[in-house]
Amino acid sequence: MTSEVDGILAVRFARSCVEREVRGTPAIDVGDAFEDLRGAFVTLLTHPDGGLRGCIGYPYPALPLREALSEAATSACHDPRFPDLQEKELGRITVEVTLLTPPETITGDIPSQVEVGKHGLMLTLGFHRGLLLPQVAADYGWSAEEFLEETCWKAGLPPGSWKHPEALIQRFSGEIYAETAPYGLIEGRDIRWTSRRSSAGGPTSTASCSTRRSG
């Protein structure tokens, strides 16, 4: 479990890594913090509408958290689905960090082992892999089965592929900390009870986060 102090520091550090990439200013010194191996995602959202501007991360605990946050924040500035982040946008985005538990494989009655609002999902089948963060299903109001189907879609697989005997289904949890406004207050987000929506009426688009492999 991450302390609130460390969660806030993680967002401040990620923001400073974004600034380093866009402005060339140094990232803040976090000392000996974040040396543990942990997966993490950094999401950039436009403010105040909450639209996706970039989201990259590492699902597996293969890197020290400091390095995972740094690399994810840097890469989020160059999310290939969007133009590179510009300096003029820094005051119009918020930074969100999702700190992950190690993925665990689930088998058997899979939907009964997926708790919406707590678990994220990763599905691997052949060369296909898709990942959705825990906040996605809560934002959309999906059932566990809908969450599994959407993870298939994210992986570029047909509906029902999560039932394939060779499909690897993994669940994980995430602790989410985010700026409430650009450079503003940083708070933890309890996705079990809150749903953040965009001005267009749809859920926030962390559903479209991309993964990175270390090494």
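Questions and answers on the model follow.

User: What kind of model is this, and how are its values derived?

Analyst: Local features need pLDDT of at least 70, side-chain atom pairs count only at pLDDT 80 or more, and totals for chains, interfaces and linings use all residues of what is a predicted model. Residues are numbered from 1 along each chain as its sequence is written, and side-chain values use heavy atoms, with hydrogens and water left out.

User: How many helices and strands does the protein have?

Analyst: Helices (H or I, at least four residues) and strands (E, at least two) are DSSP runs, numbered from the N terminus. Their order from the N terminus is α-β-β-α-β-β-β-β-α-α-β-β-β. The count is 4 helices and 9 strands.

User: Are the rings of Tyr-140 and Trp-142 stacked, edge-to-face or tilted?

Analyst: Rings of Phe, Tyr and Trp (its six-membered ring) pair if their centres lie within 6.5 Å; planes under 30 degrees apart count as stacked, over 60 as edge-to-face and the rest as tilted. The structure holds 2 aromatic pairs. In this one the centres are 4.6 Å apart and the planes at 20 degrees, so the pair of Tyr-140 and Trp-142 is stacked.

User: Which residues form the aromatic cluster?

Analyst: Trp-142 also pairs with Phe-147, at 6.0 Å centre to centre and 40 degrees between the planes, a tilted pair. The cluster is Tyr-140, Trp-142 and Phe-147.

User: Is Phe-147 buried or exposed?

Analyst: Buried means under 20% relative accessible area, exposed over 50%, partly exposed in between (1.4 Å probe, protein chains only). Tyr-140 has 37% and is partly exposed; Trp-142 has 14% and is buried. With a relative accessibility of 0%, Phe-147 is buried.

User: Are H1 and H2 roughly parallel, roughly perpendicular or oblique to each other?

Analyst: H1 (residues 4-23) and H2 (residues 65-76) pack at about 45 degrees, their axes 8 Å apart. Axes are lines fitted to C-alpha atoms, for helices over the stretch in contact, and angles run from 0 to 180 degrees between N-to-C directions. Under 35 degrees counts as roughly parallel, over 145 as roughly antiparallel, 65 to 115 as roughly perpendicular and the rest as oblique. H1 and H2 are therefore oblique.

User: Which residues of H2 make the contact with H1?

Analyst: Contact means heavy atoms within 4.5 Å. H1 contributes Ala-10, Phe-13, Ala-14, Cys-17, Val-18, Arg-20 and Glu-21. H2 contributes Arg-66, Leu-69, Ser-70, Ala-73 and Thr-74.
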